[in-house]
Amino acid sequence: MTSDAQVPEEHGSEDQPFQFTDKRKVTPEGQPKEAAPEGAGSAEGGAEAGQAEDPLAGLDFEPSGEAGDDVALLAARSEAAAHLDALQRERASFTNYRNRSLRDQEAARVKGTEDVLSALLPVLDDIDRARQHGELEGPFAAISDKLDASLAKFGIERYGQVGEAFDPTVHEALMHQVDPSVESATVNLVIEPGYRIGERVVRAARVSVVGPE
């Protein structure tokens with residue numbers, strides 16, 4: 001007897017291949033099965049979903065582009081600041097060294113001039129006594145003037161004049177006279193002139209002073 005039953009469409013036909021959907025939640029090995037992307041209704045679609053690229057693979061945590069440029073710029077600025085600080089320290093150190101050297105040189109120059117002046121004091125005193133007694137004439141007077149000019153070039157100054165106010169910081173009183181007519185102590189005789197280099201007194205002027213009681 002011939003059956004008129006028709007084959008269900010889901011079993012397929014020659015024009016339409018047989019298809020089925022695997023809805024199992026686990027694989028035959030017992031592992032959880034990856035969910036197929038929405039809209040994929042065939043095994044080929046599931047395979048393509050399984051082969052999709054891992055979205056985490058494209059993440060890059062290293063700075064790139066403008067972010068990388070900013071990091072490089074900050075690093076360059078930090079290095080430049082460090083070099084500038086080192087340069088400023090070296091410059092300050094050199095400036096201090098130069099100033100200290102200049103002070104030492106000036107002190108050595110003044111000390112040398114002072115030593116020479118101290119050695120010449122007896123000669124200068126003899127010349128000054130001859131001048132006071134009118135014995136310094138002719139060529140000797142010219143030599144004395146040249147000597148004074150040479151001493152002035154090194155900042156050496158001779159001081160001490162009759163009539164100036166007595167100052168114990170620059171004068172040494174060898175004699176003292178009383179005169180009720182004067183109001184303050186005054187130099188009335190210069191025994192030996194004083195010599196100084198700038199503000200430094202090499203020898204105080206030795207004088208006689210007259211003053212009130």
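**Figure 1. Overall fold of the chain.** Of the contacts in the chain with a separation of 6 or more, 61% are accounted for by residues 24 or more positions apart. The model is predicted. Three helices and six strands make up its secondary structure, and along the sequence they follow the pattern α-α-α-β-β-β-β-β-β. The chain has 213 residues, of which 17% count as buried. Its accessible surface comes to about 17000 Å², with 54% of that belonging to carbon and sulfur atoms.

**Figure 2. Phe154 and Thr113.** Phe154 lies in the loop between α3 (139–153) and β1 (156–159). Neighbours within four places in sequence left aside, Phe154 is in contact with Arg109, Thr113 and Ile197. Phe154 and Arg109 are 45 residues apart in sequence, and their C-alpha atoms are 9.5 Å apart in space. Thr113 belongs to helix α2 (residues 66–132). Thr113 has a relative accessible area of 9% and is therefore buried, the cut-off being under 20%. With the same exclusion of neighbours within four places, the contacts of Thr113 are Phe154, Ile156 and Ile197.

**Figure 3. Salt bridges of Asp148.** Side chains of opposite charge can pair when their charged atoms come close. In one, Asp148 forms a salt bridge with Arg131, with 3.6 Å between the closest N and O atoms. Asp148 lies in helix α3 and Arg131 in helix α2, so this pair ties together parts that are 17 residues apart in sequence. In the other, Asp148 forms a salt bridge with Arg158, where the closest N and O atoms are 3.2 Å apart. This pair links helix α3, which holds Asp148, to strand β1, which holds Arg158, across 10 residues. Relative accessibility is 21% for Asp148, which counts as partly exposed. Arg131, with a relative accessible area of 31%, is partly exposed, and Arg158 counts as partly exposed at 35%.

Figure 4. The side chains of Arg206 and Glu192 meet in a salt bridge, at 2.7 Å from N to O. Arg206 is in strand β6 (residues 205–211) and Glu192 in strand β3; the pair links distant parts of the chain, 14 residues apart. Arg206 counts as partly exposed at 28% relative accessibility, whereas Glu192, at 12%, counts as buried. Both residues are part of a network of salt bridges that links Asp125, Asp126, Arg129, Glu172, Glu192, Arg203 and Arg206.

**Figure 5. A nonpolar patch on the surface.** Leu174, Met175, Leu189 and Ile191 form the patch, and together they have about 310 Å² of accessible area. The elements that give two or more residues to the patch are β2 (171–178) and β3 (186–192). Leu189 is placed in strand β3. At 40% relative accessibility, Leu189 counts as partly exposed; it can belong to the patch because membership asks for over 30% and no salt bridge.

**Figure 6. Arg196 over the ring of Tyr159.** The charged end of Arg196 sits over the ring of Tyr159, at 4.2 Å from the ring centre.

Terms used. Residues are numbered from 1 along each chain as its sequence is written. This is a predicted model: local features need pLDDT of at least 70, side-chain atom pairs count only at pLDDT 80 or more; totals for chains, interfaces and linings use all residues. Side-chain values use heavy atoms; hydrogens and water are left out. Patches are made of residues with over 30% relative accessible area and no salt bridge: like charges are joined within 9 Å, nonpolar side chains (Val, Leu, Ile, Met, Phe, Trp, Tyr) within 5 Å. Accessible areas come from the Shrake-Rupley method with a 1.4 Å probe; for residues, only the protein chains shown count as cover. A salt bridge is a side-chain nitrogen of Lys or Arg within 4 Å of a carboxyl oxygen of Asp or Glu. Helices (H or I, at least four residues) and strands (E, at least two) are DSSP runs, numbered from the N terminus. Buried means under 20% relative accessible area, exposed over 50%, partly exposed in between (1.4 Å probe, protein chains only). A charge sits over a ring if NZ of Lys or CZ of Arg is within 6 Å of the ring centre and within 35 degrees of the ring normal. Contact means heavy atoms within 4.5 Å.
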